[in-house]
Amino acid sequence: MAPHDAVLGWDEDATAEAYAAFTHDFPMYSATSRDLALRARLTNSCLVVDLCGGAGATAEAILTLVPRHARVVSLDNAAAMQRVGRRTVRDPRLTWVTARADELAGHIPAGSVDAVVCNSAIWKTPVPAVFAAVRQVLRPGGRFVFNIGGGFAGIRHEDERATRTGPSLNRLIHEIAARDYGYTAPAKAVGPPKLSLEAVIAHLSAAGMDLTDTEIVAQHGTVAEKKAWLSIPVFARPDGDFTHAQRMEILTKAYAQTAPETPTVTSWLVVVAQRPGARP
Ligand SMILES: C[S@@+](CC[C@H](N)C(=O)[O-])C[C@H]1O[C@@H](n2cnc3c(N)ncnc32)[C@H](O)[C@@H]1O
């Protein structure tokens, strides 16, 4: 993909390396992964799937909770992310599968999985097909735990409303891009969120799974963390015809107008679902 005309994708070494460095330096993905892994109740599990596992931050959280004899499969369609994961997360219980999430059932025997955990990714996938695949691989009583970014789920945690922050980096980025590059942001789409809880419930039911629990959780960070996150090529802004270097130049100018330790809050909708039935 030409770096000039699009935000770099997941299957790019630059994204994979920057993403792994971010997860090492800041708690966002390790903390959300651990939260999901705990909710999956992995103590007696034999086989766990880390769906859309990327460079392995979620697999690492899972591996701390599963028994010694357990196996963990990390599945992702971005080989570049998994190359970093293979190098940095070394555990004999972990194997890597490069495939799309909706292809899961083609790689794992039906009814064999105790839990599927998916951190920070489900709304990027074809949800009905993925839920059907998850249902197929789960054993009776097996858990499916995932989260949805607040903006995509159409929810906000109380703390996000209550925390007084300065101007958002995103807003400053768009203002600076408009001022220095004549950038016009596309009109904000109005309409339903990409993956609301109502849609999740309908898709789970269609796939033959039960909703067990939901919670809106807040993740607390700083503007410094947000700047590091926006430096990962796949997340760099604004969209449109910018090089990564231009995006970083805009980000640097925007960041200079903020106080690094200003608190930020990210909201997540956490969902726990289950394949009906008791453990055989
Ligand atoms: C934000 S990362 C999360 C990675 C990991 N779960 C973590 O917490 O660090 C999103 C991941 O979803 C993967 N992804 C997106 N759509 C996918 C799909 N349809 N099938 C498989 N992987 C997908 C991307 O390649 C990327 O590695």
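# Questions and answers on this structure

Biologist: Where is Pro238 found?

Modeller: This is a predicted model, in which local features need a pLDDT of at least 70 and side-chain atom pairs count only at pLDDT 80 or more, while totals for chains, interfaces and linings use all residues. Residues are numbered from 1 along each chain as its sequence is written. Helices (DSSP runs of H or I, at least four residues) and strands (runs of E, at least two) are numbered from the N terminus. On this numbering, Pro238 belongs to the loop between helix 10 and helix 11 (244–256).

Biologist: Is the peptide bond from Arg237 to Pro238 cis or trans?

Modeller: Most peptide bonds are trans. The bond from Arg237 to Pro238 has omega near 0° and is cis.

Biologist: Is Ser120 buried or exposed?

Modeller: Ser120 lies in the loop between strand 4 and helix 5, and its phi is positive, about 60°, although it is not a glycine. A residue is buried if 20 or more other C-beta atoms, placed from the backbone, lie within 10 Å of its own, exposed if 12 or fewer, and partly exposed in between. Because Ser120 has 20 C-beta neighbours inside 10 Å, it counts as buried.

Biologist: Which strands stand at the edges of the sheet?

Modeller: An open sheet of mixed pairing is formed by 7 strands in the order 3-2-1-4-5-7-6; strands pair if DSSP finds at least two bridges between them. Two strands have a single partner each, so one side of each is left without a neighbour in the sheet: strand 3 (94–98) and strand 6.

Biologist: How many bridges join strand 1 to strand 2?

Modeller: Of the 6 residues in strand 2 (residues 71–76), 5 are buried. Leu47 stands opposite Arg71 in this strand. Strand 1 and strand 2 run parallel, and the number of bridges joining them is 5.

Biologist: What angle does the direction of helix 5 make with that of strand 5?

Modeller: Strand 4 (residues 113–118) and strand 5 (residues 138–149) pair in the parallel sense over 5 bridges, and Cys118 stands opposite Phe146 in strand 5. Helix 5 packs on the sheet, touching strand 1 (47–51), strand 4 and strand 5. Axes are lines fitted to C-alpha atoms, for helices over the stretch in contact, and angles run from 0 to 180 degrees between N-to-C directions. For helix 5 and strand 5, the angle is about 150°.

Biologist: Which residues does Ile216 contact, leaving aside its neighbours within four places in sequence?

Modeller: Ile216 lies in strand 6 (residues 210–222) and counts as partly exposed because it has 17 C-beta neighbours inside 10 Å. Two residues are in contact if their C-beta atoms, placed from the backbone, lie within 7 Å. With those sequence neighbours set aside, Ile216 contacts Ile155, His157, Ser267 and Leu269.

Biologist: Which residues come nearest to the ligand?

Modeller: A residue is near a molecule if its C-beta atom, placed from the backbone, lies within 6 Å of it. Helix 2 (28–39) and helix 3 (57–63) each supply at least two residues of the shell around the ligand. Of the 20 residues around the ligand, those that come nearest are Trp10, Cys52, Gly54, Ala57 and Ala78.
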